[in-house]
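Here are some notes to read alongside the model. Please keep the 3D view open and find each residue as you go.

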Amino acid sequence: TYPGEIWLCFRVPDVEATIATVEAQGGKVVRPGEDRPEHAVRAAVVSDPEGHLIELVGPMRGASA
């Protein structure tokens with residue numbers, strides 16, 4: 001369960017690369033990337049340095065873009 005105000009979600013070309021950028025900029029991983037075949041995406045949840053939650057979705061591993 002995630003507390004919160006607004007749930008932001010961004011579609012990105014590479015979930016893991018985006019997670020690395022988030023961490024390099026002071027954000028944190030809340031839920032690491034995992035394939036979600038029921039939605040045909042790879043998804044992760046990160047937080048920005050102020051703690052706002054952001055979902056990242058992109059292609060599943062091994063899927064062609």
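The points below begin with how to read the model and then turn to a helix, an arginine and a surface patch.

1. **Reading the model.** This is a predicted model, in which local features need pLDDT of at least 70 and side-chain atom pairs count only at pLDDT 80 or more, while totals for chains, interfaces and linings use all residues. Residues are numbered from 1 along each chain as its sequence is written, and side-chain values use heavy atoms, with hydrogens and water left out.

2. **Helix α1.** Look at residues 15-24, where Val15, Ile19 and Val22 are buried (under 20% relative accessible area; exposed is over 50%, partly exposed in between, with a 1.4 Å probe and protein chains only). Seen down the axis of α1, these buried residues fall within an arc of 60°, so they line one face of the helix (the arc is that of the directions from the helix axis to the C-beta atoms). An α-helix has 3.6 residues a turn, so residues three or four places apart point the same way. The cover over the buried residues of α1 includes β2 (28-36), β3 and β4 (53-58). Helices (H or I, at least four residues) and strands (E, at least two) are DSSP runs, numbered from the N terminus.

3. **The ends of α1.** At the start, a side-chain oxygen of Asp14 comes to within 3.0 Å of the backbone nitrogen of Glu16. Just after the helix, Gly26 has a positive phi of about 100°.

4. **Arg42.** Is Arg42 buried or exposed? Arg42 sits in strand β3 (residues 41-47) and counts as buried, because its relative accessibility is 7%. Its side chain forms a salt bridge with Glu16 (2.8 Å, N to O), where a salt bridge is a side-chain nitrogen of Lys or Arg within 4 Å of a carboxyl oxygen of Asp or Glu. Glu16 lies in helix α1 and Arg42 in strand β3, so this pair ties together parts that are 26 residues apart in sequence.

5. **A network.** Arg42 also forms a salt bridge with Asp35, with the closest N and O atoms 2.9 Å apart. Asp35 is partly exposed, at 30% relative accessible area. Salt bridges link Glu16, Asp35, Arg42 and Arg61 in a network. The count of salt bridges comes to six; one of them joins Arg36 and Glu38 (2.7 Å, N to O).

6. **A surface patch.** Finally, find Ile6, Leu8 and Phe10, which form a nonpolar patch on the surface with about 300 Å² of accessible area together. Patches are made of residues with over 30% relative accessible area and no salt bridge, with like charges joined within 9 Å and nonpolar side chains (Val, Leu, Ile, Met, Phe, Trp, Tyr) within 5 Å. Accessible areas come from the Shrake-Rupley method with a 1.4 Å probe, and for residues only the protein chains shown count as cover. Leu8 is in strand β1 (residues 8-11) and is partly exposed, at 38%.

Technical notes:
Contact = heavy atoms within 4.5 Å. Polar contact = N/O pair within 3.5 Å; in protein donor to acceptor, adjacent residues only side chain to side chain.
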